[in-house]
Amino acid sequence: MFNVGLRMSGIGKHRSAAPAGAQYAAAAGTVLSLTISVGDTVIVFTQSNNSPSSVTDDGVGGSNTYTHLTGYQWAGYGDAWYCDSAAHVAATVTMNGSGAPYQNICGASIPTAIGHGANGATGASNTISITTTANGSKVLGCIQQAVGGGWTVNHGTEVARSVYTDSGQCILLETDVPSSGTSTQSQATGGSFNNALAVEVKM
C-alpha cells in the first residue's frame, strides 16, 4: 500500500528539525514518540486496515484526551485526532485497536496554539486544499503513497517535514498560513499521492 519514493533521504523513522517549541514525529507501527507539554495542541494522524478505536498517551497522571476529527477520512482508514490543550506532560502516543499489517502514525505538538480549526480536508490526485478560518494558522497535512517530485504551497510557507516508512514512505507537512483562505498543498509534476488529510491549527 505504501509504495513511496520521495526526494528526501533517510528512509525509516525520522524526527524533523522543528521550529522553536514545536515537535514533529512519525513512525511505522502503532506507537509514536512525541514530546508533549501542558497546554500544547496535539494533532495525530493514523492509518491502518481499520479505524483505530482510540488514541491515548502516557501522560503523567493520566492520558490526554484525543478526539476523532469526524467527517474527514480517506479510503484505507486514514484518520485525524486532536487534543486542543494537553493537560498532562507525555512522551509516547499510541493508536489502539488498529488492524495490521498497515499501521502508521505521525503527529505534532504545538505550543501557543489555541486548538484545531473547524475545517479539515481530504484529498487525492496530487492536491489537497483546506479553507482556514483564522489569520496566522498552521496547516498540518499528512500525505501518503507519494511518488517523486517536490512540494508546492499556494498560500503560506512550508515549514517542516517528517518521514516514516511502511514498505515505503509517507510525509507530514506543516504550512504557515498568514491569512484565512484556501491553502493548497500539491506535488510537483512527476509526483503523485493517493491519499491525504489536512487540519488547521489556530495560533
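This is a predicted model: local features need pLDDT of at least 70, side-chain atom pairs count only at pLDDT 80 or more; totals for chains, interfaces and linings use all residues.

Colleague: How many salt bridges does the structure hold?

Modeller: Two. The criterion is a side-chain nitrogen of Lys or Arg within 4 Å of a carboxyl oxygen of Asp or Glu.

Colleague: Which residue does E174 pair with?

Modeller: K138, with the closest N and O atoms 3.1 Å apart. E174 lies in strand β14 (residues 170-176) and K138 in strand β11 (residues 138-144), so the pair ties together parts that are 36 residues apart in sequence. Strands here are DSSP runs of E, at least two residues, numbered from the N terminus.

Colleague: And the other bridge?

Modeller: That one joins K138 to D176, the closest N and O atoms being 2.9 Å apart. It also links distant parts of the chain, with K138 in β11 and D176 in β14, 38 residues apart. Shared partners join K138, E174 and D176 into one network.

Colleague: Is E174 buried or exposed?

Modeller: Buried, at 1% relative accessibility. K138 is buried too, at 11%. D176 is partly exposed, at 30%. Buried means under 20% relative accessible area, exposed over 50%, partly exposed in between, with a 1.4 Å probe and protein chains only.

Colleague: New topic. What is the strand order in the open sheet?

Modeller: The order of the three strands is β2-β7-β4, with antiparallel pairing. Two strands pair if DSSP finds at least two bridges between them. β2 (31-36) and β4 (54-57) are the edge strands, each with a single partner, so one side of each has no neighbour in the sheet. From one strand to the next, the twist averages 30°. Angles run from 0 to 180 degrees between N-to-C directions, using axes fitted to C-alpha atoms.

Colleague: How many bridges join β4 to β7?

Modeller: Four, and β7 covers residues 90-96. Among the partners, V55 is bridged to M95 in β7.

Colleague: Last one. Which residues form the nonpolar surface patch?

Modeller: V38, V60 and V89, with about 280 Å² of accessible area together. Areas come from Shrake-Rupley with a 1.4 Å probe. Patch residues have over 30% relative accessible area and no salt bridge, with nonpolar side chains joined within 5 Å and like charges within 9 Å.

Colleague: Where is V60?

Modeller: In the loop between β4 and β5 (67-68). V60 is exposed, with a relative accessible area of 62%.

Technical notes
Residues are numbered from 1 along each chain as its sequence is written. Side-chain values use heavy atoms; hydrogens and water are left out.
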